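Let's take a walk through this model together.

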Amino acid sequence: MIEDLIKPNIKALMAYTIEATPCSIRLDANESPYGFPLGQFRLPTNRYPDPEAVALRRFLAYKWGVEPECILHGNGSDELIYYLLTAVGGPVLIPTPTFSMYRVIAESLGEGYIMVPLDERFDLDMEATFMAMDKYNPKLIFLSRPNNPTGNSFTFGRVIEVIEKAGGLVIVDEAYQPFSPRGDSFVDLLPRYRNLLVMRTLSKIGLAALRLGFLLGDKPLIEMINKVRLPYNVNSLSQAAAIGILEDEHSIDKAVSSVVDERDKLFAELSKLQGIEAYPSNANFILFKLTLNGSLNAEIFHKKLIEDDILIKKLAGGGPLDNCFRVTVGTPKENAAFITSLNKIIKNN
Ligand SMILES: *Cc1c(COP(=O)(O)O)cnc(C)c1O
């Protein structure tokens with residue numbers, strides 16, 4: 001069989017399929033509801049992109065208060081997770097539930113991983129985490145903060161304890177940091193901890209189409225990881241467009257604040273509803289649980305929303321996220337449509 005040429009760990013892998021459900025209100029992928037004009041670029045199409053993305057890294061270094069040499073650019077942060085696992089390897093410690101790509105990429109590369117359950121408030125379970133660290137001595141620890149899909153930010157002090165105890169690298173994935181309280185970031189702690197890396201992405205603030213992610217850390221470490229980066233991983237158009245769009249800081253900030261305001265309104269609305277338990281969020285989405293008893297199960301609920309042309313993410317059941325959904329904050333109009341549909345579905349139950 002020709003398929004036998006495929007490595008066993010790849011054969012065993014569940015394909016990460018993103019199903020295309022045709023809904024016009026798309027609140028399933030944590031995208032921004034607001035896009036930006038791409039502009040006109042006079043780029044030489046016959047030339048390769050700048051392999052080191054010098055201009056873009058310089059621009060972001062200034063914005064984030066780090067040196068350009070402390071930034072590694074990726075085709076989305078997914079690619080940087082891939083590079084980390086390629087350059088460092090496992091075992092990887094993954095508090096769960098969290099972003100699935102940490103595990104998926106570890107599996108693709110045949111690296112071992114340890115999933116440590118979060119506590120009942122979706123915060124780091126320090127006892128379990130320390131026990132796993134002692135037992136497995138993980139080379140990489142991925143902490144999504146705010147955490148996808150739970151929306152909360154792990155307690156700052158707990159993350160510090162993990163960084164201080166870890167013999168390996170700790171990656172604080174700040175994909176949703178722009179939606180968090182100002183200053184609630186680990187970027188400023190980079191000079192203090194050599195084993196700390198911070199990951200950022202432009203995907204959640206309205207630039208998902210460009211595929212741009214960044215890893216921030218100690219210069220020698222960034223240089224090492226840079227060795228496994230494919231030469232032209234970020235294309236010229238994305239490099240140029242990102243600078244052009246980010247220069248208009250006001251427009252970016254306005255879009256982010258609108259999402260934050262709408263998130264807080266949406267949370268208040270969800271909290272009022274019987275049969276829904278909403279979890280507080282520092283991100284651009286809200287996790288909620290269906291607590292109704294009756295004929296309305298998670299499957300039917302999801303379908304009914306789709307019938308109303310609204311797509312949200314249904315989370316895998318069987319664990320702490322049983323009957324849970326993740327809804328991305330949309331425009332005021334989209335959020336209102338979601339709440340209206342939700343009210344109707346619950347009332348008719
Ligand atoms: C969406 C997301 C990312 C972003 O991935 P990109 O590849 O940059 O689009 C990274 N980490 C977490 C936790 C996410 O939810």
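Predicted model: local features only at pLDDT ≥ 70, side-chain atom pairs only at ≥ 80, totals over all residues.

Let's begin at the ligand. It has 14 residues around it, and the ones that come nearest are Asp173, Tyr176, Thr201, Ser203 and Lys204. Aspartate 173 puts a polar side-chain atom 2.6 Å from a nitrogen atom of the ligand. Serine 77 uses its backbone instead: an N or O atom there lies 2.7 Å from a ligand oxygen. Arginine 211 comes in with its side chain, where an N or O atom is 2.7 Å from an oxygen atom of the ligand. How much of the ligand does the protein bury? Taken alone, the ligand exposes 390 Å², and the protein buries 93% of that.

Now for the rings. Searching the whole structure turns up eleven aromatic pairs. One of them brings together phenylalanine 288 and phenylalanine 301, with 6.2 Å from centre to centre and 80 degrees between the planes, an edge-to-face arrangement. This pair links distant parts of the chain, since phenylalanine 288 belongs to strand E10 (residues 285–290) and phenylalanine 301 to helix H10 (residues 298–307), 13 residues apart. Both phenylalanine 288 and phenylalanine 301 are buried.

Phenylalanine 338 is buried, as is phenylalanine 288.

Look for lysine 165, which lies over the face of phenylalanine 130, at 4.9 Å from the ring centre. Arginine 326 does the like with phenylalanine 285, lying over its face at 5.8 Å from the ring centre.

Next, find strand E3, which runs over residues 92–96. Valine 92 is part of this strand, and its relative accessible area is 0%, so it is buried. Along the chain, valine 92 is 15 residues from glutamate 107, and their C-alpha atoms are 10 Å apart in space. Proline 95 is also in E3. Buried or exposed? Proline 95 is buried, with a relative accessible area of 3%. For a sense of scale, its C-alpha atom is 19 Å from that of isoleucine 286, a residue 191 positions away along the chain.

Carry on past the strand and you reach the loop between E3 and helix H4 (101–108), where threonine 98 is found. Threonine 98 has 14% relative accessibility, and it counts as buried because the cut-off for that is under 20%. Which side chain does it touch? The side chain of threonine 98 makes a polar contact of 2.6 Å with the side chain of asparagine 147.

The last stop is the backbone itself. Most residues other than glycine have a negative phi, and most peptide bonds are trans. With that in mind, look at proline 97 in the loop between E3 and H4. Another cis bond joins asparagine 148 and proline 149, with omega about 10 degrees; proline 149 lies in the loop between strand E5 (140–144) and helix H6 (156–165).

Where do you meet positive phi values? Asparagine 30, not a glycine, has phi near 55 degrees, and alanine 53 has a positive phi of about 45 degrees. Asparagine 30 is in the loop between strand E1 (25–27) and helix H2 (54–64), and alanine 53 has its place in the loop between E1 and H2 as well. Asparagine 30 is buried at 2% relative accessible area, and alanine 53 is buried at 0%.

How values were computed:
Residues numbered from 1 in each chain as written. Heavy atoms only, no water. Phe/Tyr/Trp six-rings, centres within 6.5 Å; stacked < 30°, edge-to-face > 60°. Helix = DSSP H or I, 4+ residues; strand = E, 2+ residues; numbered from the N terminus. Buried < 20%, exposed > 50% of the residue type's maximum accessible area, 1.4 Å probe, protein only. Lys NZ or Arg CZ within 6 Å of the ring centre and 35° of its normal. Near = heavy atom within 4 Å. Polar contact = N/O pair within 3.5 Å; in protein donor to acceptor, adjacent residues only side chain to side chain. Areas by Shrake-Rupley, 256 points an atom, 1.4 Å probe, with all protein chains shown as cover.
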